[in-house]
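Here's a quick tour for anyone meeting this structure for the first time. Have a look at the model, then read on for the pockets and the helix packing.

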Amino acid sequence: MEGTSAAVFITVQKIYYPLLCIMGIPANLVTFYLIFVRRCGMSDTAVVYLSCLAVVDSFYLVWVILLDLTLTFWLLQPFWHSYPWCGVLAFLQYGALYSSSWVVVVFSIERYMVLSSTAAAAVRHLSHARIPKVTCVAVVMLSHLASVPMAWINVVTPVNVTVDGANVTLPRCRYRDETYSTALVWITAVLSGGVPIVLLIIFNYLIGYHLSRASRLFTREERRVMSGRTTRGLVRRSILLLGTISVAFMVLSLPRFITYCILRTVYNSPVFDRNDYRLPINVAGDLANMLQNLNSTTNFLLYCMVSRRFRLELLELLRCRRPAGDSSVLTNTTLKVFTLPQHRTLPLAVPGAVVLTDLQHNQDSP
């Protein structure tokens with residue numbers, strides 16, 4: 001990049017990251033309130049998982065975007081360039097990154113297990129609120145435990161910088177040029193990006209497959225009972241939603257996974273200048289970071305704004321009104337499991353059959 005282009009790119013990032021904080025943190029907090037307090041017609045399990053996702057995404061926005069990236073572009077000497085904050089901030093950042101990725105994964109796995117289960121008792125057991133609470137706590141704790149080694153991949157070193165035309169020596173939190181640092185980066189990149197992307201695509205495909213099979217379990221008369229809404233239409237919208245989630249997660253996360261691995265292997269040298277935007281890899285790396293960080297501000301859109309009830313509750317909140325009343329079974333969102341009167345008995349011996357008649361309305365997905 002030429003000097004002018006590099007300056008423009010830096011200016012864009014100076015504006016981009018504060019905007020993410022201004023929009024993302026309030027959006028996640030409002031989402032947490034609407035889901036956890038007003039419920040939005042969601043099941044107990046969905047309330048737990050999506051509330052947890054909103055919280056960990058908020059922490060990610062604070063640790064990574066607000067305290068790290070925003071201060072990097074706006075302050076000469078951010079506080080985390082000193083000991084022990086250099087290591088503490090890295091620990092918190094990777095803990096939030098792990099948590100955000102894996103909450104999405106376990107939620108997709110839970111939905112698949114509920115939809116694919118053929119035993120009513122197992123479905124009720126999986127849909128109990130206690131299980132997702134324990135799962136979310138375990139995910140967050142394990143994520144931060146796995147991020148403990150990341151506190152030592154950086155080190156505070158004195159660096160000569162030019163300030164107002166004068167050379168001064170300031171402490172800087174720099175990447176440690178050691179073999180174990182490179183190994184940790186590889187492991188972290190795979191566990192926070194590669195594996196979640198693969199699992200999310202697999203389980204969303206399996207959910208879509210079971211929803212497609214479920215559409216054949218209803219008679220024409222039963223479909224007429226469902227408020228005039230056809231199951232096949234609901235299935236199409238469900239599959240479209242799941243595909244959107246998978247593609248969005250992959251598009252926003254995969255570039256950072258690739259560029260980060262390249263930067264810490266091919267360009268893993270203490271003499272490499274990460275701020276030299278004449279090098280295409282530095283531009284690509286920053287663009288990938290911008291996409292990755294956008295993911296923490298759009299999860300609530302992908303998982304919640306598709307819900308008609310969520311939009312209604314948001315509108316009522318903006319009008320300072322009481323929570324909206326419960327809506328019908330079919331007015332919340334697309335990932336539905338119905339309770340139908342006098343449904344025909346299904347042979348449980350059929351491979352891959354999905355029993356829907358024993359599930360109650362409070363087991364609906366978001």
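Helix 2 gives the most to the lining of the second largest pocket, with eight residues. Helices here are DSSP runs of H or I with at least four residues, strands are runs of E with at least two, and both are numbered from the N terminus. Keep in mind that this is a predicted model, where local features need pLDDT of at least 70 and side-chain atom pairs count only at pLDDT 80 or more, while totals for chains, interfaces and linings use all residues. Residues are numbered from 1 along each chain as its sequence is written, and side-chain values use heavy atoms, with hydrogens and water left out.

**The second largest pocket**

- Its volume is about 270 Å³. A pocket is found on a 1 Å grid over the protein atoms alone, as an open set of points where a 1.4 Å probe fits, with protein on both sides within 12 Å along at least five of seven lines. Lining residues have an atom within 4 Å of a point. Grid points are joined across faces, edges and corners, and the volume is the space filled by probe spheres set on the points.
- There are 17 lining residues, and Val48, Ser51, Cys52, Val55 and Cys136 sit nearest the centre of the second largest pocket.
- Helix 1, helix 2, helix 3 and helix 5 are the elements that each give two or more residues to this lining.
- Sorted by class, the lining of the second largest pocket has 14 nonpolar, two polar and one charged residues. Ala, Val, Leu, Ile, Met, Phe, Trp, Tyr, Cys and Pro count as nonpolar, Asp, Glu, Lys and Arg as charged, and the others, Gly among them, as polar.

**The largest pocket**

- The largest pocket holds about 1,800 Å³ of space.
- Its lining has 49 residues, with Thr72, Trp80, Cys173, Arg274 and Asn275 the closest to the centre.
- Helix 2 turns up here too, with the largest share of the lining of the largest pocket at seven residues.
- Elements that supply at least two residues each include helix 1 (3–36), helix 3 (85–116), strand 1 (154–163), strand 2 (166–175), helix 8 (231–263) and helix 9 (280–303).
- This lining splits into 27 nonpolar, 12 polar and 10 charged residues.

**Helix 2 with helix 5**

- The axes of helix 2 (residues 44–74) and helix 5 (residues 130–146) come within 9 Å and cross at roughly 25°. Axes are lines fitted to C-alpha atoms, for helices over the stretch in contact, and angles run from 0 to 180 degrees between N-to-C directions.
- That makes helix 2 roughly parallel to helix 5 (angles under 35 degrees count as roughly parallel, over 145 as roughly antiparallel, 65 to 115 as roughly perpendicular and the rest as oblique).
- On the helix 2 side, the contact (heavy atoms within 4.5 Å) is made by residues including Val48 and Cys52, and on the helix 5 side by residues including Lys133 and Cys136.
- Seven nonpolar, two polar and one charged residues make up the contact of helix 2 with helix 5.

**Helix 3 and its partners**

- Helix 2 and helix 3 pack at about 155°, with their axes 9 Å apart, and are therefore roughly antiparallel to each other.
- Their contact divides into 18 nonpolar, four polar and four charged residues.
- The loop between helix 2 and helix 3 contains Pro84, and a cis peptide bond with omega of about 5° joins Tyr83 and Pro84.
- Helix 3 also packs with helix 5, at an angle of about 145° and with axes 8 Å apart.
- The contact of helix 3 with helix 5 has nine nonpolar, five polar and no charged residues.
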